Amino acid sequence: GCPYALVKEDTRNLNPGLKRHLSPKEKLMDFDLMKRAIDQLKKAGVKAITFTGGGEPLTHPKLVEIMHYARMQGFEIGLFTNGSLLNEEKIKQILELEPTFIRVSINAGTTETHRIIHGLRKGSIWFEKIIKNLKILAEEKVKMGINTDIGVGYVVNPFNAGELGDLAQILRQIVDENPG
């Protein structure tokens, strides 16, 4: 879960009169609060913002809007994502902002290992969806002629170390099909 949500939950727990859990909407950082934070960062002289989270940042329905706000304030931006919530429209919207980088955490070279590492149900097709989204990212980057660095994150452990080559082959094919 999101660390921000945990802080909010702890704050509620300090008030014994509130014996309920937060709704999914309450667990998201308020859009205006994020804008104020960006404004404060600008005043402090910060030059770049990386959008990430204690969970998947794209679960926030206004993430692309806040990334846009940050770019309009002059910030360089970057994004860490697991790639599962990307789609062609969202990819185009994000790439239009010309982020410095987009990193997709995948941590596996096969569907089954990805499923196990990420605690997904049998029959999960998230790995295939993420690979498809990496292809769309590469295609759109080339079409748009931008310099965003698109890469993957892979936390190596004894369970997935043998699949680095498998993922490298998949990524090489994407690069070969989308030179630039």
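## Terms and Basis of the Model

A residue is called buried when its relative accessible area is under 20%, exposed when the area is over 50%, and partly exposed in between, with a 1.4 Å probe and protein chains only. Helices (H or I, at least four residues) and strands (E, at least two) are DSSP runs, numbered from the N terminus.

The structure is a predicted model, in which local features need pLDDT of at least 70 and side-chain atom pairs count only at pLDDT 80 or more, while totals for chains, interfaces and linings use all residues. Residues are numbered from 1 along each chain as its sequence is written, and side-chain values use heavy atoms, with hydrogens and water left out.

## Overall Architecture

The chain contains seven helices and four strands. Along the sequence these elements follow the pattern α-α-β-α-β-α-β-α-α-β-α. Of the 180 residues in the chain, 36% are buried.

A contact means heavy atoms within 4.5 Å. Among the contacts in the chain with a separation of 6 or more, 66% join residues 24 or more positions apart.

Helix 2 covers residues 31–43, which is 13 residues. From its first C-alpha to its last it reaches 19 Å, close to the 18 Å expected at 1.5 Å a residue; the expected span is 1.5 Å times one less than the number of residues. The buried residues of this helix are Phe31, Met34 and Ile38. Seen down the helix axis, these buried residues fall within an arc of 60 degrees, so they line one face of helix 2; the arc is that of the directions from the helix axis to the C-beta atoms. An α-helix has 3.6 residues a turn, so residues three or four places apart point the same way.

The buried residues of helix 2 pack against strand 1 (48–51) and helix 3 (63–72). On the other side of helix 2, Gln40 and Lys43 are exposed.

## The Ends of Helix 2

At the start of helix 2, a side-chain oxygen of aspartate 30 comes to within 3.1 Å of the backbone nitrogen of aspartate 32. Lysine 62 lies over the face of phenylalanine 31, at 5.0 Å from the ring centre. A charge sits over a ring if NZ of Lys or CZ of Arg is within 6 Å of the ring centre and within 35 degrees of the ring normal.

Just after helix 2, glycine 45 has a positive phi of about 90 degrees.

## Positive Phi in Two Loops

Glutamate 98 is located in the loop between helix 4 (88–96) and strand 3 (101–105). Its phi is near 50 degrees, a positive value in a residue other than glycine. Glutamate 98 is partly exposed, with a relative accessible area of 44%.

Asparagine 107 occupies the loop between strand 3 and helix 5. This residue, which is also not a glycine, has a positive phi near 60 degrees. Asparagine 107 is buried, with a relative accessible area of 10%.

Threonine 111 belongs to helix 5 (residues 111–117) and is partly exposed, at a relative accessible area of 26%. Leaving aside residues up to four places away in sequence, threonine 111 touches Ser124, Phe127 and Glu128. The C-alpha atoms of threonine 111 and phenylalanine 127 are separated by 5.3 Å, with the two residues 16 residues apart along the chain.

Histidine 114 also lies in helix 5 and counts as buried, at 3% relative accessibility. Again leaving aside residues up to four places away in sequence, histidine 114 touches Ile106, Ala108, Leu120, Trp126, Phe127 and Ile130.

Notes. Polar contact = N/O pair within 3.5 Å; in protein donor to acceptor, adjacent residues only side chain to side chain.
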